[in-house]
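Welcome, and take a moment to look over the sequence and the fold.

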Amino acid sequence: NPNCSTIQMVVALSPLHGAARIRHIVVSTYQAASGKGHAVRTGLTAATSYSYRVKAVDAAANVSASYSNTASATTQAPPPDTIPPSDVTGLTATAAGSTQITLAWTAATDSGGSSLAGYRVERCQGAGCSTFVQIAAPTTTTFGDTGLTASTSYRYRVKAVDAAANVSVNYSPVASATTQAPPDTTPPSDV
């Protein structure tokens, strides 16, 4: 607890102040010197140990010969990220042949602090289908769904996931595409 370290420093300086009327203290790092458990300086790394030591300076600017004992404190871990990333928008599905559909979407954002980890792509087969199954978890905003059946309609939807495993609240709007017909490989009849 940073307050405990500050109290230790005050307790050690109290007899010195009583004997020499200390007016200024030099602290070699700035951890919880406010007495309220708040760092005096921002920009410290969470869940990291910091140490400090002090020298006394009197009204005549005389500095004590040695530093105090070192006191240590550890900054608190950041609160867990419970904020889901934004919903995925702009999903498109484009047939890229008889066995592939290419998906693309606008990147989601994450404001919870854990950063965006990727996406969950779900698919169902058939023009009116509604039973979606997750087929991929890409980390980019594009995905090529391969090994599909020719001349078949597929529907897709996507959600974003952050590094704390929070999932966007809503699915993207559904995008549909139909794979192309297979190439004609039948030779013409004899004349």
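Ser114 is buried, with a relative accessible area of 18%; buried means under 20% relative accessible area, exposed over 50% and partly exposed in between, with a 1.4 Å probe and protein chains only. This is a predicted model, where local features need pLDDT of at least 70 and side-chain atom pairs count only at pLDDT 80 or more, while totals for chains, interfaces and linings use all residues. Residues are numbered from 1 along each chain as its sequence is written, and side-chain values use heavy atoms, leaving out hydrogens and water.

You will find Ser114 in the loop between S6 and strand S7 (116-125). Strands (E, at least two residues) and helices (H or I, at least four) are DSSP runs, numbered from the N terminus. What does Ser114 touch, not counting residues up to four places away in sequence? The answer is Asp81, Asp162, Ala163 and Ala164, where contact means heavy atoms within 4.5 Å. The side chain of Ser114 makes a polar contact with the side chain of Asp81 at 2.4 Å, and another of 3.5 Å with the side chain of Asp162. A polar contact is a pair of N or O atoms within 3.5 Å; within protein, one must be able to donate a hydrogen and the other to accept it, and residues adjacent in sequence count only if both atoms are side-chain atoms.

Now follow the strands. Two of them pair if DSSP finds at least two bridges between them.

| Pair | Bridges | Residues standing opposite |
|---|---|---|
| S6 (residues 100-106) and S9 | five | Ile101 and Asp145 |
| S7 and S10 (residues 153-162) | nine | Leu116 and Asp162 |

Three strands form an open sheet in the order S5-S6-S9, with antiparallel pairing. Strand S5 (89-95) and strand S9 (142-146) stand at the edges with a single partner strand each, so one side of each has no neighbour in the sheet. From one strand to the next, the twist averages 15°; axes are lines fitted to C-alpha atoms, for helices over the stretch in contact, and angles run from 0 to 180 degrees between N-to-C directions.

A disulfide joins Cys124 to Cys129, with S to S at 1.9 Å; the term stands for a pair of cysteine sulfur atoms within 2.5 Å, and the count comes to one disulfide. The link of Cys124 and Cys129 is right-handed, with 65° about the S-S bond. Cys124 is buried at a relative accessible area of 3%, and Cys129 is buried at 11%.
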